[in-house]
Amino acid sequence: NAGITTFGNFLDYEPDAFQTLVDVNLRGTFFLAQAAARRMKQQGKGGRILFTSSVTGIKAHPRLAAYGMTKAAIQMLARALVAELGPLGITVNAIAPGATLTERTREESPNYAETWANMIPTGRVGMPEDMARAGLFLCSAGAGHITGQTLVVDGGWTATSPSPDMFEPK
C-alpha cells in the first residue's frame, strides 16, 4: 500500500516527478502483488490481494492528472489479475478511499474535516477505520466470490459532490 501523492499542472509536470510517482504507485504495487501471488500459489491455499486506489482514479481533479492516472491503473490491475490468479483461488480487489481524515490531511488543512463533511452526502469525512473495515471485508471469507472490483469508500461523494477546488478562486 505504499503510495505517494504529487500535485502538478499537467502542462508543467516534470518527467522526473512522473517517474517517481509511477515507480512508487505502480511498479511497487505490481511487483509486490506478484511476489505475494507467487507465495500464495506455492502454498496452494488461494488468498486475497487488496490494493489501495483512490476516488481520484475515478473522478478527475485539477493538478492530479498523473496521480489519478496511477490510481486508475491500480483499479485496472485488480481487474486484469482476475484472469491469471482466479484459477489459483486468489481474489484481487481494490478500495478507493475518498476524503479521509489522517494526520497528513489534518496537517495540510486544519479545516479538512469540516470542508469535506459539507460536500459528502453522509455529512462526514472518512476515517481510517472506514477504509480498514472495507479492506477487512474484501479480505474475508464473506468476500470469497468478489474479485476484480473496486469498492469506493467515500460517503457517496463521487456520486454527487464537487471538488473543493470548485470553490477556490482561480
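Thr-100 counts as buried, because its relative accessibility is 11% (buried means under 20% relative accessible area, exposed over 50% and partly exposed in between, with a 1.4 Å probe and protein chains only). The model is a predicted one, so local features need pLDDT of at least 70 and side-chain atom pairs count only at pLDDT 80 or more, while totals for chains, interfaces and linings use all residues. Residues are numbered from 1 along each chain as its sequence is written, and side-chain values use heavy atoms, with hydrogens and water left out.

Thr-100 sits in the loop between β2 (90-97) and α3 (103-108) (helices are DSSP runs of H or I with at least four residues, strands are runs of E with at least two, and both are numbered from the N terminus). What does Thr-100 touch, leaving aside its neighbours within four places in sequence? Its contacts (heavy atoms within 4.5 Å) are Thr-105, Tyr-112, Val-125, Gly-126, Met-127, Pro-128 and Met-131.

Now for the chain as a whole. The protein chain has six helices and three strands, and reading along the sequence gives the pattern α-β-α-β-α-α-α-β-α. Its radius of gyration is 17 Å, close to the 15 Å that the globule rule gives for 170 residues, so the chain is as compact as a globular protein of that length (the radius is taken over C-alpha atoms, and the rule is 2.2 Å times the number of residues to the power 0.38). Along the principal axes, the C-alpha trace spans about 55 × 40 × 25 Å. Buried residues account for 39% of the 170. Of the contacts between residues at least 6 apart in sequence, 71% join residues at least 24 apart.

As for charge, the chain carries 15 positive and 14 negative charges, and their mean positions are 13 Å apart. Here Lys and Arg count as positive and Asp and Glu as negative, with His and the chain ends not counted; the place of a charge is NZ of Lys, CZ of Arg, CG of Asp or CD of Glu.

Side chains of opposite charge can pair when their charged atoms come close. How many salt bridges does a search of the whole structure find? The search turns up three (a salt bridge is a side-chain nitrogen of Lys or Arg within 4 Å of a carboxyl oxygen of Asp or Glu). One of them links Arg-104 to Glu-108, with the closest N and O atoms 3.3 Å apart. Both residues lie in helix α3, four residues apart, or about one turn of the helix. Arg-104 is partly exposed at 45% relative accessible area, whereas Glu-108 counts as exposed at 53%.

With Arg-124, its closest N and O atoms are 2.9 Å apart; with Arg-133, the N to O distance is 3.9 Å. Asp-130 and Arg-133 are three residues apart in helix α5 (residues 128-138), so about one helical turn separates them. Through shared partners, Arg-124, Asp-130 and Arg-133 are joined into one network. Asp-130 itself is buried, at 16% relative accessible area, while Arg-124 is partly exposed at 42% and Arg-133 is exposed at 56%.

Lys-71, in helix α2 (residues 65-85), is another story. Lys-71 is buried yet has no salt bridge, and the nearest side chain of opposite charge, Glu-108, is 14 Å away. Not counting residues up to four places away in sequence, Lys-71 touches Asn-25, Thr-52, Ser-53, Ser-54 and Gly-57.

Asn-25 also turns up among the contacts of Ile-4, along with Thr-20, Leu-21, Val-24 and Tyr-67, again leaving aside neighbours within four places. Ile-4 is found in the segment before α1 (15-43) and is partly exposed, at 27% relative accessible area. From Ile-4 to Leu-21 is 17 residues in sequence and 6.6 Å in space, C-alpha to C-alpha.

Finally, a word on the backbone. Most residues other than glycine have a negative phi. Arg-63 is not a glycine, yet its phi is positive, at about 65 degrees. Arg-63 lies in the loop between β1 (47-52) and α2, and its relative accessible area of 42% makes it partly exposed.
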